[in-house]
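Hi,

Here is the structure I said I would pass on.

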Amino acid sequence: MGVKHGRDYSEILNDLTEAVGRISDGYVFFEMEPEEWQVLPQESKLEVWEALAEDLFFALGNEPVIEVGSAVVIYNKDTHRINILLGEEDLASVVLV
């Protein structure tokens, strides 16, 4: 189902991919060890982040809060945004409209 959006999906996906890439320990979501993540080529890491962004976009429609590593990804339907928080710090915000 996904989240409600008014922007072009490909633009949202690009922004969300960049945003989840800021989560320094996001590889934990994939049950990877730091050493495994570090040896992945950058192109492979980008593919993993894009797949995660896509999964999050659709999952947040049903589950508005999802943990990714030490960060929390939150869908705020009132502001039409996906926010990524690390503790109290706002790592990124993706506008959906």
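Below is what turned up, starting with the charged side chains.

First, some housekeeping: this is a predicted model, in which local features need pLDDT of at least 70 and side-chain atom pairs count only at pLDDT 80 or more, while totals for chains, interfaces and linings use all residues. Residues are numbered from 1 along each chain as its sequence is written, and side-chain values use heavy atoms, with hydrogens and water left out.

Salt bridges: the search of the whole structure came up with three (a salt bridge is a side-chain nitrogen of Lys or Arg within 4 Å of a carboxyl oxygen of Asp or Glu). Arg22 pairs with Glu18, with 3.0 Å between the closest N and O atoms. Arg7 has a salt bridge to Glu11 at 3.6 Å, N to O, and another to Asp15, where the closest N and O atoms are 2.8 Å apart. Asp15 counts as partly exposed because its relative accessibility is 32% (buried is under 20% relative accessible area, exposed over 50%, partly exposed in between, using a 1.4 Å probe and protein chains only). Through shared partners, Arg7, Glu11 and Asp15 join into one network.

Now for helix H3, which covers residues 42-59 and includes Glu47. Glu47 belongs to a negative surface patch together with Glu43, Glu50, Glu54 and Asp55. (Patches are made of residues with over 30% relative accessible area and no salt bridge; like charges are joined within 9 Å, nonpolar side chains (Val, Leu, Ile, Met, Phe, Trp, Tyr) within 5 Å. Lys and Arg count as positive and Asp and Glu as negative; His and the chain ends are not counted. A charge is placed at NZ of Lys, CZ of Arg, CG of Asp or CD of Glu, and accessible areas come from the Shrake-Rupley method with a 1.4 Å probe, with only the protein chains shown counting as cover for residues.)

Lys45 is in helix H3 too.

Finally, the backbone. Glu31 is not a glycine, but has a positive phi of about 60°. Glu31 sits in the loop between helix H1 (9-20) and helix H2 (34-39) (helices are DSSP runs of H or I with at least four residues, strands are E runs of at least two, numbered from the N terminus). His80 also has a positive phi, near 55°, and lies in the loop between strand S2 (71-76) and strand S3 (81-86).

Cheers
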